[in-house]
Amino acid sequence: MALSKVTDVLADLPVVVKALGGTVLAGAVLVTGWRLIKGRQTKSKIYPPNTIVLHQIGRGPNVPSLTPFAIKLETYFRMEGIPYEVEHSWSRTAKKTGKVPFIEYNGEEIPDSEFILEFLSKEKNLDLTKGLTQEQIGIGRAFQKMVEEDLYWCLVADRWVLDETNGSYKAFKLSGFVTFLAKRSLRKQLWNRGILRYTPEQIRHIMTEDLKALSHYLGPKKFLFGDKACKFDCAIFGLLAEMKWASFGGIASSVINEYPSLCAYCDQMKETFWSDWDELTQTDCKR
C-alpha cells in the first residue's frame, strides 16, 4: 500500500465523516460527526521508551478493526510475539498522510502498514521474509498486491456504497441524512478511483476471480506456503477477514463463502493468532 494512495482508508469511518466536508450542508454533518468522535476518543497515554503504539479506528463490529491494514499489523505482531499497545480514535490520523493505521515509536509517527513493517524490521532486527525462497517472496507479494490493490477496492465499494441495506452505517448508528451525504461523496471518489465505473455484477466478478486464484493456490495448505504463517498471510487475512465477518449487507461474505478453503484459512488464522477474537470484537461498535 503506497504512501501516495491518499484515499486508501476509505473503508474506515473517519474518511466517511471527512467525505461529507465538501457538501453544502457540511456544517451540520460535521457537527454530528465531531460529537460522535469526541464521545468515543481514547485519551492519550504516556508509554515507556521503545513501545510500539498502534493507532487505529477501534474494535468491531465482528472483526478487531474495520480496516484490514490494522488487522494485518496486529496479526503480524502476534505472529512474531512483538509487544504492542493499541490506541483507538476516530479522528486522529497520521500527520504526514492523514491516514490510519499508523504507529508511534519513541515519539516518531510511521504511517502505512507496509512501511511500518519495514521500519520495525530495522528497529527490531526482524526478517520479514524469513524461511521463504525468492520464488515464494515473489508469489507472496503478488497475492498481497492483488488483495490490497484490487480486492480491497471491491470491498470498499460493496461495503460503503453498493450495500442497499446501509449496514455499515447503521452499525455506527449514523443517521439516514449523514448516510446519504457520505454515500454520495464516496460514490464520486470511487468513480474517480475507477471501481464504480463497473456494474455491481462486474465488481462481484472481480471479487470472484481474485478469490478463485487465491483459493487455487492455497489448496489444502493451512497457510499460504504450508504449515507456518508468514508476513503475506497477515496481509491476506486482514482483507479476507473483512469479507467473511464484516461485509454487513453487501455481497462480500456470500462471495468468499463460495470458497471453503478460504473460509477454513480465515478460521485457521483466527484460531492461531486471535484467541481473544471474541473478547475484542463487538457488534455495537462501542470503543
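**Entry 1: an arginine and its partner**

I began with arginine 59, which is buried with a relative accessible area of 9% (buried means under 20% relative accessible area, exposed over 50%, and partly exposed in between, with a 1.4 Å probe and protein chains only). I noted that this is a predicted model, in which local features need pLDDT of at least 70 and side-chain atom pairs count only at pLDDT 80 or more, while totals for chains, interfaces and linings use all residues. Residues are numbered from 1 along each chain as its sequence is written, and side-chain values use heavy atoms, with hydrogens and water left out.

What does the side chain of arginine 59 meet in a salt bridge? I found glutamate 74, at 2.6 Å from N to O (a salt bridge is a side-chain nitrogen of Lys or Arg within 4 Å of a carboxyl oxygen of Asp or Glu). Glutamate 74 lies in helix α3 and arginine 59 in the loop between β1 and α3, so the pair ties together parts that are 15 residues apart in sequence. Glutamate 74 counts as buried, at 0% relative accessibility.

**Entry 2: helix α3**

At 1.5 Å a residue its 13 residues should span 18 Å, and its end C-alpha atoms are 18 Å apart, which agrees (the expected span is 1.5 Å times one less than the number of residues). Is α3 enclosed or open to the outside? Since 11 of its 13 residues are buried, α3 is largely enclosed by the rest of the structure. The buried residues of α3 pack against several elements, including β1 (52-56), α5 (134-162) and α9 (231-245). After α3 comes glycine 81, and I recorded its positive phi, near 65°.

My search of the whole structure gave 12 salt bridges. One of them joins the side chains of lysine 72 and glutamate 148 at 3.0 Å, N to O. Lysine 72 lies in helix α3 and glutamate 148 in helix α5, so this pair ties together parts that are 76 residues apart in sequence. Both lysine 72 and glutamate 148 are buried.

I also looked up lysine 212 and glutamate 209, whose side chains meet in a salt bridge at 3.2 Å, N to O. They are 3 residues apart in helix α8 (residues 200-218), which means that about one helical turn separates them. Lysine 212 is partly exposed, with a relative accessible area of 29%, and glutamate 209 counts as partly exposed at 34%. Elsewhere, salt bridges that share partners join Lys72, Glu114, Glu148 and Lys231 into one network.

**Entry 3: the sheet**

In which order do the strands of the open sheet stand? I read β2-β1-β3-β4, with mixed pairing among the 4 strands (two strands pair if DSSP finds at least two bridges between them). β2 and β4 (108-111) stand at the edges with a single partner strand each, so one side of each is left without a neighbour in the sheet. β1 and β2 pair in the parallel sense over 4 bridges, and histidine 55 stands opposite glutamate 87 in β2.

**Entry 4: the whole chain**

Finally, I counted 12 helices and 4 strands in the protein chain, and 55% of its 287 residues count as buried.

Notes:
Helices (H or I, at least four residues) and strands (E, at least two) are DSSP runs, numbered from the N terminus. Contact means heavy atoms within 4.5 Å.
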